[in-house]
Amino acid sequence: AIALNPPGAAGTAELAAAYRELDSFTHSISHDLRAPLRAIDGFSRILLEDHGPELTSEALRCVEIVRNNAIEMSVLIDSLLLLSRLGRQPMEKGPVDVKMLVVQALEELPGAQAGRRIEFVIGELPACDADPKLLRQVVENLLSNALKYTRCRAQARIEIGASTSPRDGTVYFVRDNGAGFDMRYADKLFVVFQRLHSAKDYEGRGVGLAIVRRIVARHGGRVWAEAALDQGATFYFSLPAVSRLPVREIVPETASMSKGAPL
């Protein structure tokens, strides 16, 4: 067990010192790991540009693998730094129109929808008390996840809705008819770098859902999922509700939208 000082000047000073040490550590990771990655990528590019014609096809393939892995590591560093900052970033909470947030997030994800038949169903989404920027990250990550794992479907269906429960109050969900997963491994879903599907079939780094859990936990809620292999998945998260908020109607209370239809 870890003993923490009680609230007071000493405890506050200790916490501030811990935050400064963490900031220094993350800065060191960012700088010290990026430098060799930039060197690997830079020298690999020079090798290709200046000596490409002299290399065999196998050598060219190996150099490209080196460059791609350097780029992938750089993206992983960015994701880990984002995850570390989420625990310390000040929150600016207030009433949030969740339906508007969902519609805006869908408008920002056109690439994942290109050339596909996708039906979006948006149900009633009560307002909540949250940091809108952080909640936007949650919504985008869950929608991106649903879009990714429904690629195997000729007709994808993604539903965003909400319900209430005695334990959690307002519960929001994102449901899809995609690849699903084995519930025996559900405890790994929200752990950084843990993946339940092959990277060859579905791209990803195993950080997105860990970010979702971190943000929801900071808001005093929880996140969980239900699924079955090849039968889709539903991701749930709870947030404090707001009883009264002027709601701007973006879409009808329950709307079915196919790809190409206006949001």
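1. Basis of the note. This is a predicted model, in which local features need pLDDT of at least 70 and side-chain atom pairs count only at pLDDT 80 or more, while totals for chains, interfaces and linings use all residues. Residues are numbered from 1 along each chain as its sequence is written, and side-chain values use heavy atoms, with hydrogens and water left out.

2. Overall make-up. The protein chain has five helices and eight strands, where helices (H or I, at least four residues) and strands (E, at least two) are DSSP runs numbered from the N terminus. Read from the N terminus, the order of elements is α-α-β-α-β-β-α-β-β-α-β-β-β. Of the 263 residues, 38% count as buried, with buried meaning under 20% relative accessible area, exposed over 50%, and partly exposed in between (1.4 Å probe, protein chains only).

3. Surface and contacts. The protein chain exposes about 15,100 Å², of which carbon and sulfur atoms supply 56%; accessible areas come from the Shrake-Rupley method with a 1.4 Å probe, and for residues only the protein chains shown count as cover. Among contacts (heavy atoms within 4.5 Å) with a separation of 6 or more, 73% are between residues 24 or more positions apart.

4. Strands 2 and 4. Strand 2 (residues 118-122) is mostly covered, since four of its five residues are buried. Over five bridges it pairs in the parallel sense with strand 4 (residues 156-165), two strands being counted as paired if DSSP finds at least two bridges between them. Within this pairing, Ile122 of strand 2 has Ile160 of strand 4 as its bridge partner. A salt bridge, defined as a side-chain nitrogen of Lys or Arg within 4 Å of a carboxyl oxygen of Asp or Glu, also forms between Arg157 and Glu119, with the closest N and O atoms 3.5 Å apart. Arg157 lies in strand 4 and Glu119 in strand 2, so the pair ties together parts that are 38 residues apart in sequence. Arg157 is partly exposed at 36% relative accessible area, and Glu119 is partly exposed at 21%.

5. Strands 6 and 7. Strand 6 (residues 223-227) is largely enclosed by the rest of the structure, because four of its five residues are buried. It pairs with strand 7 (residues 233-238) in the antiparallel sense over five bridges, and Ala227 stands opposite Ala233 in strand 7. The hairpin has five residues between the strands, and there Asp230 takes a positive phi near 65°.

6. The opening pair. Asp230 counts as exposed at 51% relative accessibility, whereas Arg153 is partly exposed at 23%.

7. Other salt bridges. The count comes to 10 salt bridges. One of them joins Asp129 to Lys93, with the closest N and O atoms 3.9 Å apart. Salt bridges that share partners join Glu119, Arg157, Glu159 and Arg175 into one network.

8. Helix 5. The buried residues of helix 5 (residues 208-218) are Leu209, Ala210, Ile211, Val212, Ile215 and Val216. Just after this helix, Gly220 takes a positive phi of about 85°.
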